[in-house]
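This briefing reviews the structure shown below, topic by topic.

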Amino acid sequence: MKRLLKIYMEKPELAALLLLVVLIFLFQSRSGGLFLTAGNLRGVFGILPEMALVAIGVTVLMICGEFDLSVGAVFALMPMTVAVLMTHDVPFSVALAAGVLVCVAIGFLNGFLTIQFAIPSFITTLGMMFVARSLTVVVSGGFPPLLSADLPTWLFVSFVGPGELFRMSFIWFVAVAILVSLLLSRTNFGNWVRATGGFLPAANAMGIPTARVKIACFILCSVLSGFAGLIQVLRLGSPLPSIGEGMELQAVAAAVIGGTALTGGIGAVLGGIIGVALIRVIDNGLILSQVDANWFKFAIGSLTIFAVIANSWLRKRAKAIKVEV
Amino acid sequence: MNEPIVSVKNLHKWYSGVHAVKGVSIDFARNEAVGLIGDNGAGKSTLINILSGVQRQDEGEIFVEGQKVAISGPRDSMRLGIETIYQYNSMVPTMSIARNLFIGREPMRFSIAGVGFMDMGRMREESVKAISNVDLHLRSPDALVGELSGGQRQGVAIARAMHFKSKVMILDEPTNHLSVKETNKVIGFVRSLKEQSVTGIFISHNMHHVFECCDRVVAMARGQVVLDKRIGDTTIEEVQSVL
């Protein structure tokens, strides 16, 4: 029993999950039962995958001990690349491949520069954030190009499921979440990611190719962000160069709220997703409860600080539970 | 059988202008426990890092069982049967014992291009076995290494090295930060290596520990070997005088 309690208290995503349940109940009563109606949930589920995909990548990268501030800019650059290419009569599949390639290149560059010159990824990706954002505006020529009509929007954003509760993007998000979770927890690569972020000298001493592991995580993070951006553009129907602004910090906040440690080695994909769900629920719940929407950032900010404090407190309490090892 | 299991010939290593290892040649015989002694900066850690693949020599040759080898990374070293237990612990504190035991050498259920699903059941089973083989009593392979004491961690590191059937075990200051009781356990372990036909290279600051468990002592100072004698042919005082 004690052991079980200890194991659960050590789960980094626990605090956020408890908070999510509490908030759902709170908003449900404050909004007069509006929060959990199908119509409202459809809205929440429709937006959630976009940020969640970004947060999944950011979480994995943070577990690996690195940071990516360029995700918001890549979120805009990838769909812009696709849209601009398509105005030049490039078919969607080719444009999509080119967009993914741009993401891979940015992720690789982020990782390569960080490792090759031994600089903090905070700096590398801060620079990349400006570079990618600027490129987005440059390739668009300042005006968002028109999206062609024959896009496979059905594959990414059309409503599906019972009562049309979900969009296709939700299916994509769930599939990616499961795959990345498995990658992290069940494969040897996941073991290397945790070791690299947990204690780099040990990972090196055991012969893990830590540079390649980190670069792979940077690439994963960029590709997921770009994909998320594409989904948003297909949902909105227009590739605005300004989408994803501020998203990098929200994604970091989501990961941290979900129990991912800034120092690396600790965290879970599920935690990042719960973090995103919390942010979305607060955004939506405040509005339904008729609170001034300007309180949203206040709430996210306090939540981030609170979640980290709660997590470290829980971890300390868990450590204090004595069980035989 | 008289051929040394590992020998280094005329090793040199420079660090940005500092000549840290100056032409070191040592033969390590089979089933021998060798104590490597020297002050900080004497070059013993560099020598060990070269053998375990963390660094590369600038000059000189390494032979394993008579064959000249190139060690360009920790994996090469492990493949040649050289396992290293580091002073600052080669364990990741935020990971479980079972995961730590197999870092970089995970048993796989299936994989493509070296990446795939780990056989978690086998990892747990074998880590329980490996740990009890070195006389360590830990109840769960799922406990985080960060929750173990220094001695227990060192025990897990030793269990890992033994599990992968090494021929040569390098212990880099394994008794630092350990309690007296735990230190004695490590020393007993170095003694027992001989019965298991494993060559031990035991690096320590502590003369008494080396004289307690080794057959031979090699002393280094200023990047060179300054003494290389059987334990029976020398004394602590003599070793101290050359450092």
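A residue is called buried here if 20 or more other C-beta atoms lie within 10 Å of its own, exposed if 12 or fewer, and partly exposed in between. The model is a predicted one. By that criterion, helix H12 of chain A (residues 247–257) is mostly covered, with 10 of its 11 residues buried.

**Helix H12 of chain A**

- The buried residues of H12(A) are Met247(A), Glu248(A), Gln250(A), Ala251(A), Val252(A), Ala253(A), Ala254(A), Ala255(A), Val256(A) and Ile257(A).
- Their cover includes six helices of chain A, namely H2 (14–30), H3 (38–63), H4 (71–87), H6 (121–140), H13 (269–288) and H14 (296–320).
- Just after H12(A), Gly259(A) adopts a positive phi of about 95°.

**Nonpolar core**

- The largest nonpolar core comprises 161 residues, and those with the most contacts inside it are Val54(A), Ala55(A), Val60(A) and Phe202(B).
- Helix H11 of chain A (residues 210–236) gives the most to this core, with 16 residues.
- Leaving aside residues up to four places away in sequence, Ala55(A) touches Ala251(A), Ala254(A), Ala255(A), Gly272(A), Ile273(A), Gly275(A) and Val276(A).
- Among these partners of Ala55(A), Ala251(A), Ala254(A) and Ala255(A) are buried residues of H12(A).

**Packing of H5 and H6 in chain A**

- The axes of helix H5 (residues 92–116) and H6(A) come within 9 Å and cross at roughly 145°.
- The crossing of H5(A) and H6(A) is right-handed.
- On the side of H5(A), the contact is made by Ile106(A), Asn110(A), Leu113(A) and Thr114(A); on the side of H6(A), by Ser121(A), Thr124(A), Thr125(A), Met128(A) and Ala132(A).
- By class, this contact of H5(A) with H6(A) has 4 nonpolar, 5 polar and no charged residues.

**Four-stranded sheet of chain B**

- An open, antiparallel sheet of 4 strands has the order E2-E1-E4-E5 in chain B.
- Strands E2 (18–28) and E5 (67–69) of chain B each have a single partner strand and stand at the edges, so one side of each lacks a neighbour in the sheet.
- On average, neighbouring strands of this sheet are turned by 30° against each other, direction ignored.
- Strand E4 of chain B (residues 59–64) runs antiparallel to E5(B) and is joined to it by 3 bridges; Val64(B) stands opposite Gln67(B).

**Six-stranded sheet of chain B**

- A second open sheet contains 6 strands in the order E6-E9-E10-E3-E11-E12 of chain B, with mixed pairing.
- Strands E6 (82–85) and E12 (224–230) of chain B form the edges; each has a single partner strand, so one side of each is left without a neighbour in the sheet.
- From one strand to the next, the twist averages 15°.
- Strand E11 of chain B (residues 216–221) pairs with E12(B) in the antiparallel sense over 6 bridges, and Arg216(B) stands opposite Arg230(B).
- Helix H1 of chain B (residues 44–51) packs on this sheet, touching E3 (33–38), E6, E9 (168–172), E10 (199–204) and E11 of chain B; the direction of H1(B) makes about 145° with that of E9(B).

**Hairpin and loops of chain B**

- Strand E7 of chain B (residues 108–112) and E8(B) run antiparallel and are joined by 4 bridges, with Met108(B) opposite Met118(B).
- E7(B) and E8(B) form a hairpin with 2 residues between them, and Ala113(B) in the turn has a positive phi of about 55°.
- Ala113(B) counts as exposed, with 5 C-beta neighbours inside 10 Å.
- Asn31(B), in the loop between E2 and E3 of chain B, is another residue other than glycine with a positive phi, near 55°.
- Asn31(B) is partly exposed, with 16 other C-beta atoms within 10 Å.

**Contact between chains A and B**

- The contact takes 29 residues from chain B and 20 residues from chain A.
- On the side of chain B that touches chain A, the elements giving two or more residues are helix H2 (74–79) and strand E8 (115–118) of chain B.
- E8(B) provides the largest share of that side, 4 residues.
- By class, the side of chain B that touches chain A has 17 nonpolar, 7 polar and 5 charged residues.

Conventions:
Residues are numbered from 1 along each chain as its sequence is written. Chains are lettered from A and ligands numbered from 1 in the order in which they are written. This is a predicted model: local features need pLDDT of at least 70, side-chain atom pairs count only at pLDDT 80 or more; totals for chains, interfaces and linings use all residues. Two residues are in contact if their C-beta atoms, placed from the backbone, lie within 7 Å. Ala, Val, Leu, Ile, Met, Phe, Trp, Tyr, Cys and Pro count as nonpolar, Asp, Glu, Lys and Arg as charged, and the others, Gly among them, as polar. Two strands pair if DSSP finds at least two bridges between them. Axes are lines fitted to C-alpha atoms, for helices over the stretch in contact, and angles run from 0 to 180 degrees between N-to-C directions. A crossing is left-handed if the near helix is turned anticlockwise from the far one by less than a right angle, and right-handed if clockwise. A nonpolar core is a set of buried Ala, Val, Leu, Ile, Met, Phe, Trp, Tyr and Cys residues joined through C-beta atoms within 7 Å.
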